[in-house]
Each structure stands twice: as structure tokens, then as C-alpha cells.
Amino acid sequence: MVALRLEAVGAQYGRHRIFSDITTSDISGGALTAVIGPNAAGKSTLFKRIASLLKGDGVVHVSGEESLRPICYMPQDTGANAVLTVYESVLLASKQGSGWKVADNELLEIDRILKALKITDLAFRDLGELSGGQRQLVAIAQALVRKPEILLMDEPTSALDLFRQIEVLQFMHSLARETGIAVLIALHDLNHAMRYCEHVLVVADGRLVVNGPTLEVITPALLRDVYRVEARVETCTHGRPMVVVDAALG
Ligand SMILES: Nc1ncnc2c1ncn2[C@@H]1O[C@H](COP(=O)(O)OP(=O)(O)OP(=O)(O)O)[C@@H](O)[C@H]1O
């Protein structure tokens, strides 16, 4: 199974250092890992650094699987200017880095992914005429069709309604389990992190604050120190842990 490990990783834009010296234990495939932290903490920058879209200090280790395209980054901004249909855009994504010849099984795979995300009805709509949530689902399809070993999803549910948020996170959770890929998801909704992610990586103040099992990491102390809120971790009526925020600290 694939594993990702960061060793003394840093990133900067010009002279502006965003974070430094991020070292993690193995982030293993088969599970979801939430990347959390306040606005501008560097979650997207960390993803870009892991995906080698940004140079920086340290080493990103990927072990376990041989893949031509092991890491895929799904950006937060899924704006679409191209004059393409949904189907064409997903096909184009699947062909990135390979030849242009299209095999039948590749078309079947696109059909399967559109069906799994319940967007088959959008296949021949122009990207430019989709809603924000529909575009986000298409961006997820574009990422999945590349079959990465490590998938970095930057706030993939931010434009989705509640039902779709849950559907997508459940789907990603099952996909990681079934295929053994490692999925890292930048999230602001800590209840989603608690419910769907086995591990959490917390980025703040230009460093990795902590990484580990979700229930050990998301505590009232962390919420106070990192998010500056007074909050509790309670159990809902279904027996699941959830964050209840009482107040923002001045
Ligand atoms: N292309 C860029 N050039 C210069 N600075 C940048 C660039 N992209 C991001 N930054 C800066 O890097 C810092 C981290 O930004 P980043 O987008 O990684 O944070 P984030 O944790 O993903 O934030 P959010 O939760 O608000 O999406 C911010 O101060 C931001 O202004």
C-alpha cells in the first residue's frame, strides 16, 4: 500500500516563507487524512509543495506503489474558462501525461466515475454553464479519472450542499479503503474531519502543530490554541463525536 512521508518540508513564495520543517510519520493509503488549520495557515501551499507544483526545502517520500502519476492535486478553485463539455474535460484529464489514443475501457471508466458521483446527466453540458457545486463534482471526477496513488483534495466539498458533502466524503472514504490510495483533504468543517478522516494533520503558525489519529488530535485544547474558540468535543445521539463551539475567544 502507498505511503506518503514528509521530511523537513518547507515552502515559500519568493521571500515569503509559509511554513518550514514539516516532518510527518507515514501517511498510509486506505484512509482519509484531514489537513486542517486556520485561513492562510498554508494548507493549499502544503498540497502544492507535496505535488511538486512548488519547490522548497525537504523531501517528499512516496513509497509502496509504482505509478507513473502517483500524486494528483485537486485545487480549491475549480473555475472553468475552457469551452468544453463535462465529458470532454474529464476525458482530457484522463489523458494528461499520456497519449491521445482513447481506449474503450477508458471511456467506460469515465462513465463509471460520472455515475458514482451522480453527475451522468451533466456529461454533455458545457463546463461554463454549471453551478459552483456541479463544477466541484466535475473537478472531483477529473481527479479520480487520473487514478492517483495519492490524492490531495483542497476543500473539495466547500461548494456542495449538506447531502452532497456527506455523499462525497462517504464515497471518498470507501474509495480509499477499497483501492488503498491515500487521500488528504483540506477541510474547515471539523465535524467532517471527525466523522470521515482517520488521521489529522494540523498546520498553523508556519509549522505542523500535530499529526495523528483524529480523536487524539481534535481536542478542546487544540481548538483553543489553533482556532481561538472555546469548544467541546461531545458525542451526538448517534454516538459519533462532534465539535460544539461555544464562543470565539477575544
Ligand atoms: N501564489 C502566491 N503568492 C504569494 N503568496 C501566496 C500565494 N498563494 C498563497 N500565498 C500566501 O500563502 C499563505 C498561505 O496560503 P494558503 O492558500 O496555502 O493557505 P490555506 O491554509 O490554504 O488558506 P485557506 O484556508 O484560507 O484556504 C497566505 O498568506 C497566502 O496569502
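# A walk through a two-domain model

The domain assignment of the protein gives domain 1, residues 3-218, and domain 2, residues 219-250. The model is a predicted one. Between the C-alpha centres of domain 1 and domain 2 the distance is 26 Å. Domain 1 puts 12 residues into the contact, and domain 2 puts in 9 residues. On the side of domain 1 that touches domain 2, the elements giving two or more residues are α6 (190-196), β10 (199-204) and α7 (214-217). Of these, α6 gives the most, with 4 residues. By class, this side of domain 1 has 9 nonpolar, 2 polar and 1 charged residues.

β4, β1 and β6 form an open sheet of 3 strands in the order β4-β1-β6, with antiparallel pairing. β4 (27-28) and β6 (59-63) are the edge strands; each has a single partner strand, so one side of each has no neighbour in the sheet. Strand β1 (residues 3-7) pairs with β4 over 2 bridges in the antiparallel sense, and L4 stands opposite I27 of β4.

Strand β2 (residues 9-13) is joined to β3 by 4 bridges, and the two run antiparallel. Here Q12 stands opposite R17 in β3. The hairpin of β2 and β3 has 2 residues between the strands, and G14 in this hairpin takes a positive phi near 60°.

Strand β3 leads on to the ligand. The residues that surround the ligand are Y13, H16, I18, G37, N39, A40, A41, G42, K43, S44 and T45. Two elements give two or more residues to this shell, β3 (16-22) and α1 (43-50). The largest share, 3 residues, comes from α1. By class, the shell holds 4 nonpolar, 6 polar and 1 charged residues.

A40 lies in the loop between β5 and α1. Is A40 buried or exposed? With 10 other C-beta atoms within 10 Å, A40 is exposed.

A second residue other than glycine with a positive phi is E155, where the value is near 45°. E155 lies in the loop between β8 and α5 (162-179). E155 has 20 other C-beta atoms within 10 Å and therefore counts as buried; the cut-off for a buried residue is 20 or more such atoms.

How many residues of strand β9 (residues 182-186) are buried? The count is 5 of the 5, so β9 is largely enclosed by the rest of the structure. In a regular strand, side chains alternate between the two faces of the sheet. In β9, A182, L184 and A186 point one way, V183 and I185 point the other way, and all are buried.

Helix α2 (residues 86-95) gives another pattern of burial. Its residues V86, S89, V90 and S94 are buried. These residues lie on the same side of α2, because they cover an arc of only 140° around the axis. An α-helix has 3.6 residues a turn, so residues three or four places apart point the same way. The buried residues of α2 pack against α3 (104-116) and α4 (132-144).

The last stop is L201, which sits in strand β10, one of the elements on the side of domain 1 that touches domain 2. L201 counts as buried because it has 24 C-beta neighbours inside 10 Å. Leaving aside residues up to four places away in sequence, L201 touches T24, T33, V35, L208 and N211. L201 and G212 are 11 residues apart in sequence, and their C-alpha atoms are 6.8 Å apart in space.

Notes: Residues numbered from 1 in each chain as written. Predicted model: local features only at pLDDT ≥ 70, side-chain atom pairs only at ≥ 80, totals over all residues. Domains from an automatic or database assignment. Contact = placed C-beta atoms within 7 Å. Nonpolar A, V, L, I, M, F, W, Y, C, P; charged D, E, K, R; others polar. Near = placed C-beta within 6 Å. Buried ≥ 20, exposed ≤ 12 C-beta atoms within 10 Å, placed from the backbone. Arc of directions from axis to C-beta. Pairing = 2+ DSSP bridges.
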